[in-house]
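The sequence and structure come before the details.

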Amino acid sequence: MKRVAILISGGGSNMVRLVEDMQAQGYAAPVLVASNDAAAAGLEKAARMGVPTAAIDHRPFGKDRVAFEAELLKPILAAEPDVLCLAGFMRVLTPGFVEQFAGRMLNIHPSLLPKYPGLHTHQRALDAGDAEAGCTVHEVTPVLDDGPILGQARVPVEPGDTAETLAARVLVMEHRLYPAVLRRYVAGDRTPVLL
Ligand code: GAR
């Protein structure tokens, strides 16, 4: 059984969907949910689902990403994951960290990559007048929001949309896409999931 660790920074709704899907389908075991913020609401949700949690506050490390990552790595390595899923994890990871999980780290990003890497994806889609928006699950490489695409889900942009209404429509699809990709990924199938 593949072991999956998940990194979060906030509410963790994608993490909840991943854990629920693994627990319901039994194709992988959620072995850790870790956050850079001890106040992340997702930690409590993970604990309620019976998943071990860890919190490493990034703030005392200031700009020293390597020192923060060294601490973050301790609970992750102890959990011995086969796959590491970023699910709303809002810290940029250094190439050194990423390379340790080459070929076994996934991320979900709220845009149709390669459009709009980085932040404020929904506002940028609206500002560009895009007719559709969506989300992408990709393998993580040292380049931010880059790497082989493993799945995408599209939604229409509706008249009168704000960044908030569009984000909510995309999030519904994130919750379907990420578990579908993870299921394939742990089975060794990297054919993109298209929703
Ligand atoms: C999700 O929309 C995810 O795509 C996004 O943060 C949200 C987390 O929500 N991730 C990024 O922007 C990564 N740069 P969640 O905590 O409820 O899963």
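## Basis and cysteines

C85 is buried at 0% relative accessibility, where buried means under 20% relative accessible area, exposed over 50% and partly exposed in between (1.4 Å probe, protein chains only). C135 is likewise buried, with a relative accessible area of 0%. The sulfur of C85 lies 14 Å from the closest cysteine sulfur, that of C135, which is too far for a bond. The structure holds zero disulfides, a disulfide being a pair of cysteine sulfur atoms within 2.5 Å.

The model is predicted: local features need pLDDT of at least 70, side-chain atom pairs count only at pLDDT 80 or more, and totals for chains, interfaces and linings use all residues. Residues are numbered from 1 along each chain as its sequence is written, and side-chain values use heavy atoms, with hydrogens and water left out.

## Active-site annotation

An unreviewed UniProt entry annotates H109 as "active site"; positions follow the numbering used here, feature names are shortened, and annotations may be inferred rather than shown by experiment. H109 sits in strand β5 (residues 105–109), strands being DSSP runs of E with at least two residues and helices runs of H or I with at least four, numbered from the N terminus. H109 is buried at 4% relative accessibility. Leaving aside neighbours within four places in sequence, its contacts (heavy atoms within 4.5 Å) include C135, T136 and D145.

## Binding-site annotation

The unreviewed UniProt entry gives "binding site" for R65 and N107. R65 is in helix α3 (residues 65–79) and is partly exposed, at 36% relative accessible area. N107 is in strand β5 and is buried, at 8%. Beyond four places in sequence, R65 contacts R91, V92 and T94, while the contacts of N107 include T136 and D145.
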